[in-house]
Amino acid sequence: MGGRGGRSHGGGSRTAPQSSRYDAVERLARQMGIYLNVGSLQRGNINPIYVNETLNSIQYIYTHFPIMTGRVQYIDAETGSSRAYASAGGDGGLHIGLYGRLSERDLQRQWEWDVRSGFHPQGTKPSGIFIHEMGHQIEAYLNARDYGNAWSWGTTSSEIVLRAARKIDPTITGLRDPKVYALASDISRYAVSRGSHGQYPWQVWETLAEAVQDFSSNDMNAKPLSIAIWEELKRRARR
């Protein structure tokens, strides 16, 4: 889930990296208490440079959300034909997909297209996709802590998005108020992804994750809802 590219420019796959190229990132992962599934990553043709960027993103979230330290358990490669850049699971896993299979040039071109089209937030870089995925990990942790079910996507994010939106506009009546959608869509198109979402008007967990990515890249120049979500998320994590 999360971080899906708007479309593909095609091509750009690398040759499979050699085992020795994983040594440094595997050591770093081990120091962070994360199991690196090298066999899976090699079969997925994932560049170890991108694995290192993933670890940097994890450390960024650990720094800003100390309660998350040690919550990521493993990193492996996406399986199947998913077009997602990456995905996160409530079991503490991060899965590298399209992000890690493209060449650096093609990844940059893909991401620039996504940003220009409004699919992902302005001012973000490809490496920020794992900040997005860590946004999902934060929600999974809070879901488990507060409601006993890490996989209950939307439980925490719907509350945080609504509280954040009301900080900007106290007249907002609820999550289905069109003003919430307007604030969320200002972050990115992916922030208001529609699909299988049950009782929610859109996939509000993607609003939270896109806001985390927006704020991590742009700080106080991020979109107003991103700033408010970041602040509310930190308040909830400290509770």
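Visitor: Where is the place of Asn 47?
Guide: This is a predicted model, in which local features need pLDDT of at least 70 and side-chain atom pairs count only at pLDDT 80 or more, while totals for chains, interfaces and linings use all residues. Residues are numbered from 1 along each chain as its sequence is written, and side-chain values use heavy atoms, with hydrogens and water left out. Helices (H or I, at least four residues) and strands (E, at least two) are DSSP runs, numbered from the N terminus. On that basis Asn 47 has its place in the loop between helix H2 (38-43) and helix H3 (48-64).

Visitor: Is Asn 47 buried or exposed?
Guide: The terms rest on relative accessible area, where buried means under 20%, exposed means over 50%, and partly exposed lies in between (1.4 Å probe, protein chains only). Asn 47 has a relative accessible area of 5%, so the residue is buried.

Visitor: How many helices and strands does the protein chain have?
Guide: Along the sequence the elements follow the pattern α-β-α-α-β-β-β-α-α-α-α-α-α-α. The secondary structure of the chain therefore comes, with the helices and strands defined as DSSP runs, to 10 helices and four strands.

Visitor: How are H6 and H9 placed to each other, oblique or roughly parallel?
Guide: Axes are lines fitted to C-alpha atoms, for helices over the stretch in contact, and angles run from 0 to 180 degrees between N-to-C directions. Angles under 35 degrees count as roughly parallel, over 145 as roughly antiparallel, 65 to 115 as roughly perpendicular and the rest as oblique. The axes of H6 (residues 129-147) and H9 (residues 204-218) come within 8 Å and cross at roughly 130 degrees, which makes H6 oblique to H9.

Visitor: How many charged residues are there in the contact of H6 with H9?
Guide: Contact means heavy atoms within 4.5 Å, and the residues of H6 that meet H9 include Ile 129, His 132 and Glu 139. For the classes, Ala, Val, Leu, Ile, Met, Phe, Trp, Tyr, Cys and Pro count as nonpolar, Asp, Glu, Lys and Arg as charged, and the others, Gly among them, as polar. The residues of this contact divide into six nonpolar and five polar, while the charged ones number three.

Visitor: Is Gln 213 buried or exposed?
Guide: Gln 213 lies in helix H9, and, not counting residues up to four places away in sequence, Gln 213 touches several residues, among them Trp 111, His 120, Ile 129 and His 132. With a relative accessible area of 0%, Gln 213 is buried.

Visitor: How many polar residues are in the contact of H7 with H9?
Guide: Helix H7 (residues 155-168) and H9 pack at an angle of about 65 degrees, with their axes 8 Å apart. The contact is made by Ser 157, Ser 158, Ile 160 and Val 161 of H7 and by Val 204, Trp 205, Thr 207 and Leu 208 of H9. By class, these residues divide into five nonpolar, no charged and, for the polar ones, three.

Visitor: Is Asp 219 buried or partly exposed?
Guide: Asp 219 is found in the loop between H9 and helix H10 (224-238), and its phi is near 50 degrees, a positive value in a residue other than glycine. Because its relative accessible area is 44%, Asp 219 is partly exposed.
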